[in-house]
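Reader: Hi! Could you walk me through this one?
Author: Happy to, here it is.

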Amino acid sequence: MVDSIQAVEGRHTSGLYNKQPITLVRGEGAWLWDERGRNYIDCTSGQGVANLGHGRIEIARAIAEQAQRLITCPETFFNDQRAALMEELTALTPGLERVFFCNSGTEAVEAALKFSRYSTGRKQIVATMRGFHGRTMGALSATWNKKYREPFEPLVPGFIHVPYNNLEAMQTAIGEDTAAVILEVVQGEGGVYPATPDYLLGVQALCRERGALLIIDEVQTGFGRTGRMFAYQHYDLQPDLLCVAKSLAGGLPMGAVLMGERVRALSPGLHGSTFGGNPLACAAARATLRILQREDLPAQAARKGTYFMERLRQIRSPLIREVRGLGLMVGVELKQKVAPYLSLMQERGVLALSAGLNVIRFLPPLVIREAQLDRVVETLEEVLALGPDGAEEQGQN
Ligand code: PMP
């Protein structure tokens, strides 16, 4: 069975994914099981999607009930689930009253870029070095990593990248033709780098002063991940556009852009999405928001994130350069490549991610238990103690 599933996927692969040799079939809370019945502690959340934890009956029920009632309803008609979600979602983001629904993070970014150019009549977009915003052509133009960009050039013109957490560079970059600045409050794929409060407030002030819009990309940081419902809410920030996706609909594909009053409404035909705002995703998102608030998962993430980072900082290993993060978005930067250590952790029942070559990234479900976090720390300590030679030797087995 194992071989057949992996062989079948292998035969049909588009070649895009570095597969781990694990076949996942079931999840509950922060646990995942493979088809042989072996369990793993999940510190990936399906790359930041399963904030509520796996196997939520309430989400399954909301989806099943809505699927029986009405699965599809294009935005050319009104819909009860969409209207309710619009109210419930924008209630979490004061000052951002209007919303465009789509199906992924990269689509949310595409839409935000179009709204920005349209609203301002300007062309330039200022993005940040190490920033990640998606892989469709517009979002990719805002993404920094050359490896993702170069094979697909020419990209969309008008994008520049400036060093993150550097206000002077931003000051020089934002000009009369700047439509928007786009950035993450904590850079995720780029290596788990939180922005400093002064930087964020400084960028906001510059945008306002010079008539540019501020796009905050919370595709990875949203919905409790960093210890607040949205990461920008740690600070005195008011984005003009907020991009969200990942855990918005509890695991169903859904993205959204929330918009403030400086953003001009587009007219019919200028943008759109067949599946955007479909009642099935909206019903799942409503159930997700209900659970996030009822269980106060943002506060849980704040508390557990502090505990987790404290414990990680107690690991005595010469291989660790830095432990950093916000809430349950945590990076451990090593002085060397992390790949062999990730494999060793996997063999010991802990699934984690990399961010760049040198950072181990932890994005556990926000419901993860303290005992599970303890085991993650102990496992990391154990594999780091093997050192580079041990890691390579064991990694080859
Ligand atoms: N923006 C950020 C900050 C992200 O982390 C990601 C995905 N990792 C995206 C955009 C793209 O999201 P998606 O994969 O849903 O297109």
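Author: One term before we start: a residue is buried if 20 or more other C-beta atoms lie within 10 Å of its own, exposed if 12 or fewer, and partly exposed in between, with C-beta atoms placed from the backbone. This is a predicted model, where local features need pLDDT of at least 70, side-chain atom pairs count only at pLDDT 80 or more, and totals for chains, interfaces and linings use all residues. Residues are numbered from 1 along each chain as its sequence is written.

Reader: Thanks! Is Glu218 buried or exposed?
Author: Glu218 is buried, with 27 other C-beta atoms within 10 Å.

Reader: And where does Glu218 lie?
Author: Glu218 is in the loop between strand E10 (213-217) and strand E11 (241-244). Helices (H or I, at least four residues) and strands (E, at least two) are DSSP runs, numbered from the N terminus.

Reader: Which residues is Glu218 in contact with, leaving aside neighbours within four places in sequence?
Author: Val185, Phe230, Ala231, Tyr232, Leu242, Cys243 and Val244. Two residues are in contact if their C-beta atoms, placed from the backbone, lie within 7 Å.

Reader: Where does UniProt place the feature "binding site"?
Author: The unreviewed UniProt entry puts "binding site" at Gly105, Thr106, Phe132, Asp217, Glu218, Val219, Gln220 and Thr274. They span 170 residues in sequence and the farthest two C-alpha atoms are 25.4 Å apart, so they do not all gather at one spot. UniProt positions are given in the numbering used here, feature names are shortened, and annotations may be inferred rather than shown by experiment.

Reader: What about Thr274, buried or exposed?
Author: Thr274 counts as exposed, with 9 C-beta neighbours inside 10 Å. Its place is in the loop between strand E12 (255-259) and helix H10 (279-294).

Reader: Switching to H5: how many of its residues are buried?
Author: 12 of the 16 residues of H5 are buried, so H5 is largely enclosed by the rest of the structure. Among the buried ones are Gly105 and Thr106, and both are also in the UniProt "binding site" list.

Reader: What follows H5?
Author: Gly121, whose phi is positive, near 70°.

Reader: Last topic, the hairpins. How many residues are between E1 and E2?
Author: There are 2 residues between those strands, and Gly29 in that hairpin takes a positive phi near 60°. E2 and E3 also form a hairpin, with 4 residues between them, and Gly37 in the turn has a positive phi of about 90°.

Conventions: Pairing = 2+ DSSP bridges.
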